Every structure is written in C-alpha cells, then in structure tokens.
Amino acid sequence: MSIIEVKNVSYTYDKTKFAVKNVSFDVKEGEYVAIIGHNGSGKSTLAKLFNALFVPTNGEIIVDGISTSQKDKLFEIRKKVGVVFQNPDNGIVASIVEDDIAFGPENIGVKREEIGERIDFALKTVGMEKFRYSSPDRLSGGQKQRIAIAGVLALKPKVIVLDESTAMLDPKGRQEILNVVKKLNKEQGVTVIAITHYMDEVLNADKVYVLDEGEIALQGTPREIFKEGAKIKSIGLELPLASFIAEKLRQAGVPVKDGILDKEELKGAICELK
Amino acid sequence: MRIEVENLTFVYSEKSKSLQYKALDDISLTIEEGDFFGIVGETGSGKSTFVQHINGLIKTQKNCKKFTVGEFDLTDKKCDYKSLRSKVGMVFQYPEYQLFAETVFEDVEFGLKNFFPNLTQEERSEKVKQAIETVGLDFERVKNKSPFEMSGGQKRRVAIAGVIVTRPEVLVLDEPVAGLDPKGKLEFIKLLKRLHNDFVKTIIIVSHDMDLVAENCNKIAVLKKGKIVETGSPKEIFCQKNIVENSGLDLPLTAYLQRELEQNGIKLNSDLTVDNFVEEVKNYYCKIKGGK
Amino acid sequence: MKEFSFGSYYPENSFVHKMDARVKILLSIAYIVAVFLVKNNTWINYLGFVPCLLFVIIVAVVSKIPFIKVVKSIKTIIFFVILSALLQIFFNKSGTPLWKNGFITDKGLYNAGYIFLRIVLVVMGASLLTFTTSPVEIADGIESLLTPLKLIKFPVHEFALVMSIALRFIPTLLDETDRIIKAQTSRGADFNSGNIFKKAKALIPILIPLLISSFRRADELADAMDARCYAGSKNRTKYKKMKLSLRDLIGTLFTALLIVGVCFL
C-alpha cells in the first residue's frame with residue numbers, strides 16, 4: 001500500500017523559477033527510499049513538502065489518504081510524517097534531553113503518563129537511555145542527532161524523512177545515524193525517506209530517486225542507478241569511491257565486472273581476476 | 001616556513017580544578033615547507049586546538065619547549081602575531097558563516113586592509129581581483145554582489161578568497177569540505193592543489209575524510225586524546241592495522257582493499273592514491289595473465 | 001567558552017536542590033525583603049544582618065555548596081558595591097565629622113557599611129537560588145508563578161518558551177561567537193586597540209555574521225518546531241508537573257523564622 005503519493009507536484013518560492021518540477025512517485029509502507037541530488041537540486045524543498053511545511057504550488061501530495069493541501073489536517077499529517085533536519089543544534093528546543101523529547105507529545109496533548117512511556121521508548125530505540133537527564137550541549141553531533149530522531153519518534157510517525165541529517169556529522173556520527181535508521185526501518189517497519197548527497201548512503205535503500213534541477217533524472221534500485229555512471233556525473237554527483245575505482249580499472253584494461261557498489265564487491269572482483 | 005613544535009601541552013580552564021581539561025598532551029611535530037599535511041583523529045582528539053596554535057589564536061602555555069613557524073617564535077610573548085597571521089591563513093569549518101560585508105569586494109578586502117593599511121587603492125584592488133579569480137569566480141560579475149545572495153559553494157569560495165588575499169605561505173584548513181556535495185568537494189580539492197602549486201607553500205588540513213587525506217597528503221599525524229599516536233606518509237600510517245583501529249579512525253578505501261587483498265594472497269604496494277592503486281592492480285593483472 | 005554555564009548552576013543532590021523552584025523563587029524574594037527590613041538608625045541595627053548571614057551560611061551548608069563559591073558570587077558587582085560605599089563615605093555630609101574639620105562623618109561611614117552589607121547579602125542570597133536551581137527550572141518556576149496573568153491575556157506560555165529557548169541557545173551562540181572572533185582575528189581584525197568608536201566599528205565583522213546566523217537558526221528552529229506539531233499553548237499538555245512537598249514547607253518555615261528574627265532586632 002502506498003503511504004505517500006506524490007502526484008505531479010511542482011513548487012516555486014518566487015513564482016518565476018520552480019524548485020520542484022512536476023514530480024510524481026509513490027512510497028510504499030515500510031519502504032526505504034533515498035532521494036539524492038546536488039546542492040540546489042530541489043531535494044530539501046521536497047523534504048518540506050512531505051509534512052506540509054510547504055504546500056505544493058501545483059499537484060498534490062497524499063499522506064496516508066490525506067492531502068497535504070488540507071489546512072485543517074495539518075497536525076494529522078505532521079504526526080504521521082516526522083522530519084529530522086540537517087543541523088541538530090537548531091532543532092533542539094530544551095536544555096534537558098527528556099524535556100526536548102517531550103516537546104512533540106506535549107504539543108499534541110498526550111497525557112503525562114503516556115509521554116513518560118514515549119520518552120522511554122524513543123530513547124531506547126536510538127540507544128540514548130543513559131542521557132535522559134543530560135544537557136544536549138554536552139553531546140556529540142551524532143548523539144544530538146539521535147536525540148532529534150527520538151524527538152520525532154515520540155510522535156509515533158509512520159514515515160521519517162531525513163533531510164540531510166548526516167551532512168554535518170563525522171564518520172562515526174554518520175554511521176550511528178545510519179544504523180538507527182536501518183533498525184527503525186527493518187525492525188519497526190517505519191517508512192524511511194532519506195535525502196542526501198552521499199552516494200554511499202543510498203546503498204541501503206530499496207528505491208532511489210535522483211533529482212536534478214527539480215526533476216527526477218533517474219530512478220531505480222541502487223544497482224540500477226550506479227550503472228549510469230556517465231549520467232550521474234553529468235548532473236553533478238559522483239559514484240561511490242568503490243564504483244569509481246572499478247570504472248578506472250576497466251579503463252586501464254583490467255576486466256572487473258560491472259555494477260560494483262561497495263568495497264566488498266570490489267575486493268571480490270579483484271580476487272576473481274586470478 | 002617550517003613549523004617546529006616540541007613538548008606542546010595545552011590545558012583549557014587551567015585555573016579551575018573541576019573544569020580543567022587537557023586538550024593537548026606533550027605534542028612534538030615538524031611540518032616541513034612544501035608539505036600537504038593531514039591531521040586526523042576522532043572528534044575531541046585535540047586537532048582543532050592544535051591548528052589554532054599555528055597562527056597564534058591560542059597562545060602557547062608555559063611548559064611548551066619550542067613552537068616556531070618560520071622565523072616566528074610563538075613561545076615568545078612579544079611575537080608579532082599580526083605579521084604571523086598575514087603569512088599563515090586559517091580557514092575554519094563552514095567559513096561562509098564569517099562573511100559580513102555588503103559586497104564581495106569589501107569582504108575579500110577586509111584582511112588586506114587590516115594587515116597592510118598602507119597599500120594604495122589600486123594595489124588593493126589588484127590583489128582582491130587576483131584572489132577572487134584564484135578561487136575560480138568571475139571578478140567583474142561578483143565584485144559588487146552581496147555575498148549573502150550567492151549559493152553555498154560560492155560563499156565558501158568568497159571566504160577562501162578573503163583568507164588567501166594576503167598570499168599566505170601556510171594555509172590551515174579545518175574540515176574544508178564539510179557540507180559540500182560531491183562535485184563541490186572535488187572542485188574544492190582542485191582549488192587547494194592549485195594553491196599549493198602557486199604561492200601557498202604548505203597546506204595543513206584537519207579532516208575526518210580518510211580517502212581525501214590518503215589521496216592528497218604526503219604526511220599525516222594521527223591524534224588521540226591530545227597525544228600524537230604516529231606521524232608518517234599515508235602508507236606508513238594506514239598500512240599498520242593497529243594505528244588506525246586504536247585511534248577510532250576508518251581506513252581509506254584503497255588501504256582497506258590492499259589489506260584485504262593481501263590476506264587473499266594478492267600483494268599490492270601502492271602509495272594509496274587511487275591512480276597508483278589502479279596501476280598496481282593493472283601490473284598484478286598483467287603478471288598473472290602473462291604467467292598463464 | 002564550552003565551560004560556560006548560565007547562572008552558574010552547581011549540580012548537587014541536596015535538600016535545597018530538590019525543593020520546588022517556585023517556592024525557592026518566592027523564598028528568595030522573601031529573603032531579599034528581609035534584608036531590606038533591617039533597621040537603619042544606629043550601629044546596633046547592624047545586628048539585624050546577623051540572621052541574614054546565618055541564613056545564607058545555613059542554606060549553603062544544606063545545599064552542599066562550598067561557601068567560598070557563594071562569597072565569590074559578589075565578584076562581578078564588587079566594583080559597584082565599593083563605589084557606592086565610597087560615595088557614602090566621601091559625600092555624605094550629615095552626621096558629625098569624625099575629626100575636626102574632617103569631611104568624613106560618622107553617619108557617612110555608617111551608611112557605607114550598611115549599603116555594603118545589604119548589597120553583598122542580597123547578591124549572596126540570590127546566587128544561592130541560581131546555584132541550586134537550573135535555568136530551566138527557574139524558567140518553569142516563573143512560568144508557573146505567572147499563570148494568574150493569563151487572566152489579563154498575558155501570553156505566559158509563550159513568554160516561558162521564549163525564555164527557555166533563549167537559555168538553550170546561549171551556549172550554542174557563545175560557541176559561534178568564539179568561532180567568528182577567531183576567524184576574523186585570523187584575517188587581521190583587532191578588537192582591542194583604538195578608541196571606543198574604533199572598537200565599536202571593529203565589532204561589525206562579528207555582529208553581522210552572528211545576526212545572520214541567528215536568523216538562520218531561528219528559521220530552522222521554527223521549521224523543526226512546526227514539524228513537531230507546535231501550535232501554541234492550545235490543547236498542550238505538560239510532561240513535568242511541579243509538586244510541593246514537605247521539604248518546601250520546612251524551607252518556608254525556616255525563612256519565616258529569618259524574617260521574624262530580623263524584625264525583632
């Protein structure tokens with residue numbers, strides 16, 4: 001079943017140039033979808049369309065049966081679609097972790113006892129129970145971003161949108177976030193829409209959409225996408241390093257096989273040369 | 001300018017027993033003129049504290065035996081920091097957030113005015129123009145633009161122009177590619193290499209990106225909890241398994257492959273740059289094919 | 001900069017720390033009133049400060065806060081205190097001169113000491129509140145105490161939210177200021193030399209980036225709050241409920257004792 005339907009959506013900030021142009025696709029419940037594009041490709045605009053922070057100029061987005069253009073259903077939509085933004089420093093509202101996670105449930109009028117339960121659950125899911133009473137200022141970037149995810153989880157969303165949530169983190173923090181998101185998707189069936197410009201982050205995805213100048217330039221599974229090396233390059237993105245090296249090897253006359261995505265596959269391909 | 005450091009220790013909040021925190025612990029290090037030097041380590045390992053010493057943003061504490069940058073002695077209280085800073089440029093993380101002037105021209109000119117107040121208007125214009133063109137922007141088109149109207153990548157270029165406008169011999173960059181998309185990242189590295197071949201003699205980068213470091217640096221220092229674990233070429237650092245793992249770092253892809261392939265009986269001996277790695281694999285391939 | 005903690009909160013697990021913030025705020029006000037109630041006529045009235053000082057010492061001991069920290073809290077205003085005392089000594093013309101034709105009078109000296117003690121005691125008492133109560137608790141306490149103002153349509157909830165967000169962002173903005181100062185210093189900016197106008201002008205390269213980044217942060221914060229269903233105080237619940245306990249009663253009685261003591265002396 002589709003949880004999000006994007007139907008011929010366009011969006012413009014200034015009525016002259018469209019940031020998103022006539023985009024259509026469906027996201028199935030429980031799917032892990034990646035949206036990738038260079039800076040300024042319209043991917044962050046798209047992120048804000050999913051939970052009605054923006055409403056499409058043309059077309060329509062249907063979230064779990066509700067159109068985001070319906071103003072009176074705003075909170076229903078935002079309860080269903082949680083967004084984790086790029087800079088965790090700018091999304092945390094309280095000076096104590098548990099107070100911050102309580103913010104969402106408080107807003108929608110959840111009863112006190114249940115808020116406590118939701119905080120327990122959210123912190124456990126992101127593995128931050130130990131920091132319940134800490135100040136977010138003392139946490140690392142990855143930990144702060146996990147708190148931001150917990151803050152979204154406390155609203156019990158069906159879909160989580162990650163709007164470049166790993167862009168400001170160090171490799172360790174990035175890995176922490178990717179692991180948490182993978183777990184949410186696999187174990188709790190949360191639908192994930194990951195927006196990124198890191199090619200290696202789309203490898204987990206069931207489906208990838210490549211955005212360029214506000215339009216979908218490519219779509220498919222990660223393996224299908226990475227076959228299009230030349231096209232990817234032409235729209236300002238790069239292949240993951242492993243695929244890039246494989247391509248260079250082929251150019252140098254070393255016959256490694258096609259469609260290499262990560263380091264393990266590249267290792268295997270070189271071993272097979274024997 | 002050669003940078004020599006002996007026994008540098010730095011403690012934050014030295015006076016307060018409860019708050020004090022040792023960020024650097026007995027660091028000794030030499031960075032030669034001409035190096036493309038990488039400083040790596042986990043967040044909180046003291047990398048930023050160290051590099052901020054190089055242009056005197058953080059002053060050495062008493063117990064430091066030696067800290068010289070070219071002819072400047074940083075352990076000397078009378079050190080001429082202003083002159084030092086005109087020769088050692090420092091680019092912080094997200095440098096675009098330091099822009100402030102109404103036009104790109106004025107912003108780039110800022111450092112020049114501060115360091116060399118005696119230049120004539122023409123001399124200044126010429127230098128600003130050079131700096132803006134060096135970072136790959138069209139001087140005529142951008143000079144009167146507000147920096148705040150530009151895209152993220154362009155803003156970063158303007159900020160870099162504002163640092164290199166004094167033609168520093170040493171350029172220190174803290175996480176220079178953070179937040180850039182893949183294309184922006186590649187272009188930025190190209191810019192750094194161009195600068196390194198031009199007037200910037202020494203480049204020092206702090207980075208979490210091991211692939212970038214292995215590809216571009218000729219020497220690397222690994223920091224952990226304020227101490228230097230090891231210094232050496234990328235090959236010396238990344239081909240010793242324990243150094244990288246004990247310091248909480250990732251391996252560059254080429255180093256990882258080389259290590260794994262060796263366990264499968266394929267011995268490669270590249271310097272860990274992509275081109276050299278491809279070359280080595282090709283040689284290996286020709287050898288086994290020739291043998292058949 | 002990282003070590004900055006607003007209001008110098010001193011985390012401990014003490015009787016006073018566990019008291020309700022609202023009660024502590026009210027009792028601090030009561031204490032300040034008590035200090036101002038100390039009579040002001042003759043030297044013997046100085047005795048009125050004794051219960052106040054005792055009060056501060058006892059509260060500090062019970063809260064497990066080193067007394068030296070409490071004393072140090074006057075450091076920031078010491079200049080102001082000494083200045084007002086000196087003004088009294090040198091310019092108070094009432095009373096009798098201490099020596100023939102001298103300009104220092106007994107009344108001046110008396111007033112100087114009186115003002116000195118009063119300010120020092122008020123600041124020490126107020127510092128005990130900030131030592132034992134985190135900024136967040138103080139903000140929540142104020143919100144709760146202001147609740148009656150809702151009747152006159154004062155936006156109590158919004159006011160409290162603004163306060164707590166401001167507190168939350170102070171360390172972030174200090175970090176950012178530090179980074180911008182360093183970046184501009186690297187570009188040769190000099191913030192310490194020149195006259196006051198030059199110094200003010202030198203601040204522009206710091207203030208503008210800071211302002212712009214604050215706006216950017218505010219924008220992103222607004223999006224993040226919207227995304228988490230924020231819609232003002234309507235239908236909002238509150239996770240943390242402040243509860244009065246026996247502790248608060250004991251604290252109140254103890255403070256009452258102080259006021260009675262002051263009134264009798």
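## The contact between chains A and B

How many residues does the contact take from chain A, and how many from chain B? In this predicted model, the contact takes 29 residues from chain A and 29 residues from chain B. On the side of chain A that touches chain B, the elements that give two or more residues are α6 (171-188), α9 (241-251) and α10 (263-271) of chain A. Sorted by class, this side of chain A, the one that touches chain B, has 15 nonpolar residues, together with seven polar and seven charged residues.

## The contact between chains A and C

Chain A also touches chain C, and this contact takes 32 residues from chain A and 26 residues from chain C. The elements of chain A that give two or more residues to the side touching chain C are the helices and strand labelled α2 (74-80), β6 (81-84), α3 (97-107) and α4 (112-126). Of the residues on this side of chain A, α3(A) gives the most, with six residues. When the side of chain A that touches chain C is divided by class, it has 14 nonpolar, 10 polar and eight charged residues.

## How α3 and α4 of chain A meet

Two of the elements that touch chain C, α3(A) and α4(A), can also be considered as a pair. Their axes come within 10 Å and cross at roughly 120°, and α3(A) and α4(A) are therefore oblique to each other. The crossing in which α3(A) passes α4(A) is right-handed.

Which residues of α3(A) and α4(A) meet? From α3(A) there are E98(A), I101(A), A102(A), P105(A) and E106(A), and these meet I115(A), R118(A), I119(A), A122(A) and L123(A) in α4(A). The residues of this contact divide into seven nonpolar and three charged, with no polar residues.

## The two domains of chain B

The domain assignment of chain B gives domain 1, which covers residues 3-247, and domain 2, which covers residues 252-292. The C-alpha centres of domain 1 of chain B and domain 2 of chain B lie 34 Å apart, and the contact of these domains takes nine residues from domain 1 of chain B and nine residues from domain 2 of chain B.

On the side of domain 1 of chain B that touches domain 2 of chain B, the elements that give two or more residues are α8 (210-216) and α9 (234-238) of chain B. The largest share of that side, four residues, comes from α8(B). By class, the side of domain 1 of chain B that touches domain 2 of chain B has five nonpolar and four charged residues, and no polar ones.

## The two domains of chain C

For chain C, the domain assignment gives a domain 1 made of two stretches, 6-133 and 244-264, and a domain 2 that covers residues 161-227. The C-alpha centres of domain 1 of chain C and domain 2 of chain C lie 36 Å apart.

## Confidence in the model

For the complex, the predictor gives an ipTM of 0.90 and a pTM of 0.86. In chain C, the mean pLDDT is 86, and 97% of the residues of this chain reach 70 or more.

Conventions:
Residues are numbered from 1 along each chain as its sequence is written. Chains are lettered from A and ligands numbered from 1 in the order in which they are written. This is a predicted model: local features need pLDDT of at least 70, side-chain atom pairs count only at pLDDT 80 or more; totals for chains, interfaces and linings use all residues. Two residues are in contact if their C-beta atoms, placed from the backbone, lie within 7 Å. Ala, Val, Leu, Ile, Met, Phe, Trp, Tyr, Cys and Pro count as nonpolar, Asp, Glu, Lys and Arg as charged, and the others, Gly among them, as polar. pLDDT is the predictor's confidence in each residue, from 0 to 100. Axes are lines fitted to C-alpha atoms, for helices over the stretch in contact, and angles run from 0 to 180 degrees between N-to-C directions. Angles under 35 degrees count as roughly parallel, over 145 as roughly antiparallel, 65 to 115 as roughly perpendicular and the rest as oblique. A crossing is left-handed if the near helix is turned anticlockwise from the far one by less than a right angle, and right-handed if clockwise. Domain bounds come from an automatic or database domain assignment.
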